[in-house]
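Here is a friendly walk through one model, meant to be read with the structure open beside you. Please have a look at it first.

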Amino acid sequence: MCGIVGYIGVKPVKKILIDGLRELEYRGYDSAGIAVLQEGSFSLFKAVGKLIHLEEKAHDYESSGFAIGIGHTRWATHGKPTELNAHPHMGANSYVVHNGIIENYQELKAMLIHEGANFVSQTDTEVIVHLFEHYLKNTPTPFDAFKQTLAKLEGAYAILLITGSASDTIFFAKNGSPMIIGKNSDNETFFGSSDAALIGKCTEVIYLEDGQYGYASGEVIHLYNGESHDVTLRFTPLSGNKLSAQKEGFRFFMEKEIYEQSHVLADTLMGRLRDEQIHFEELESGLFEGINEIKLCACGTSYHAALTASYLFQRHAAIRTSVEIASEFRYREPYLTSDTLFIVISQSGETADTLESLKMAKRHGLKTMVICNVDNSSMVRLADASILTRAGIEKGVASTKAFATQVCVLWMLSLYLGEIRKTLEATEIRRQIGLLRTLPSTVTVDSNMHEQLRRLSKRYLHGHGFFFIGRDVFFPLALEGALKLKEISYLHAEGYPSGEMKHGPIALADPELFTIALLPQHKLYDKTKSNVEELSARDSTICSISPLDFDKADDHIRTKQLDDYMLEFFEMMVVLQLLSMEIAIRLGNDVDMPRNLAKSVTVE
Ligand code: M6R
């Protein structure tokens, strides 16, 4: 979610670091910082907000001759977007930048404070540099201290560390977050969390694997794996196209973001699952005291996540739950009572209708919460409590990974509430936590499935409309499937509860009406199947999505046999995203920037 760069060489280091960060800025712009070590002395610059602020701060600084430097652009996870929380984080004589989350930072921090370390930030990252200096006191070399530090860290990380004790050296490590080392014919060494930061500077790179670490001193790179074995350096040539590097080989950002869902869901879950408990570090224990009702409010895709949550909250936490479309809620003069928790859901945290609804709820004295992807957004600043979805920056206008992470957070929140309200047995919470742990693998894109959807898409480029139908949580998923299709293909599509078709819409049924039917094995299968049979009998063209055979379908997309309907929900979500995208690509549309739309809707 953040961006990292590093450099060893004789060119002006500030420019190289800032140019690299500019390529990564889209990943996070809560703050940025660089630290340079030259002839034994450090220069540090940090600034809140966009990179331009860092450039202004470092305006008068220039290096000449050999230097090493590290830089970071931040997407806040622990601690507000302030200058103190900006990377690089410092110890007495060392600096570190880090992507990822150190899950055991609290216990490490307590130990280090006890030993006399002075912490200045609220971040998990700062423990790394203090831990390194703690070990450096009693170890023969800085590299030994670095190895001992890595041995204590739990969680995901990509790390660069520099220290006054080795003034030509950058120490590096990768575990779960990307890190690339680059070289060129001038014998300079570069680091980047994405190759976009290295294009134009390096000719060849090494993509580190999880568990690899080492150090680069001057021109020499030493790389090790988990068992301290020397790893042979295998460089691969680096392509020269920046945009395609950001898309990492995918045709569109939307496609990349669909494929990324496995990783971002792992981030969403990180540190939040215990054996029998959901843990939200960011929530105060008294938040739900006196709360008898939940009102969820959002727009677009986020509204579909809210609708999904309304089934889960009532089912798991036995709490009255209602859902509001923000643009309607604002002017409806709603009756609000102070025992209601008002939860807004927004990828951007800036959507005007949702933001105004949040302000309205606050004016009525309600407790408020936001589930959001952007830490320093207006909604996060305003709400009493916030949970970050950790999807990383979503570039495609059609929301995909943001929706996946919203539903994941809301599912966890329903279990969290179920525990507080004692409406779920411990065994059931444990079972569902087990399911949550499998989410990253559930949404991993199967290349055969993707190919089937690509081939199938050619049969769905015409017709007079699509109905996406499902029951229970598969109804909001049907709404989301229809929204995905219409916003990028410009074909007419509607989501409907499958049981409602007979109350009117079935009049439209004919071979040119395409029905996309969500038929999960573990939720109301027979009921939904009957509804689809009614449509099939009226000659609607049926595309069924199900792990079970369905002989009335014209096309059948077979999903995996999974243990629970929520896992089926997530797998079908991926199918719907890919199907819409393939249809839109065949129609020749700009999938990432569809006509008439904007990523952040800050007007009414
Ligand atoms: O940033 P938000 O989640 O508040 O945005 C709400 C909608 O504008 C957004 O979900 C929109 O519907 C998406 N483009 C759908 O893909």
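## Strands β20 and β22

I469 has A517 of β22 as its bridge partner. Strand β20 (residues 465–470) and strand β22 (residues 513–518) run parallel and are joined by five bridges. Two strands are said to pair if DSSP finds at least two bridges between them. The strands named here (E, at least two residues) and the helices (H or I, at least four residues) are DSSP runs, numbered from the N terminus.

A word on the model itself: it is predicted, local features need pLDDT of at least 70, side-chain atom pairs count only at pLDDT 80 or more, and totals for chains, interfaces and linings use all residues. Residues are numbered from 1 along each chain as its sequence is written, and side-chain values use heavy atoms, with hydrogens and water left out.

## The sheet and its helices

The parallel pairing belongs to an open sheet of five strands in the order β21-β20-β22-β23-β24. Because β21 (493–497) and β24 (555–558) are at the edges with a single partner strand each, one side of each has no neighbour in the sheet. From one strand to the next, the twist averages 20 degrees.

Helix α17 (residues 474–489) lies across β20, β21 and β22, and runs at about 175 degrees to β21. Helix α16 (residues 447–456) lies across β23 (541–546) and β24, at about 160 degrees to β24. These angles run from 0 to 180 degrees between N-to-C directions, with axes as lines fitted to C-alpha atoms, for helices over the stretch in contact. Contact means heavy atoms within 4.5 Å.

## Around the ligand

Which residues are closest to the ligand? They are S302, S346, Q347, T351 and E487, out of 15 residues that surround it; a residue is counted if one of its heavy atoms lies within 4 Å.

A polar side-chain atom of S302 is 2.5 Å from a ligand oxygen, and a side-chain N or O atom of E487 is 2.5 Å from a ligand oxygen. For S399, a polar backbone atom lies 2.8 Å from an oxygen atom of the ligand.

## K484 in helix α17

S399 also meets K484: its backbone oxygen is 2.9 Å from a polar side-chain atom of K484. K484 lies in helix α17. Is K484 buried or exposed? K484 is buried, at a relative accessible area of 1%, where buried means under 20%, exposed over 50% and partly exposed in between (1.4 Å probe, protein chains only). Beyond its neighbours within four places in sequence, K484 is in contact with residues including M254, T301 and S580.

Definitions and conventions: A polar contact is a pair of N or O atoms within 3.5 Å; within protein, one must be able to donate a hydrogen and the other to accept it, and residues adjacent in sequence count only if both atoms are side-chain atoms.
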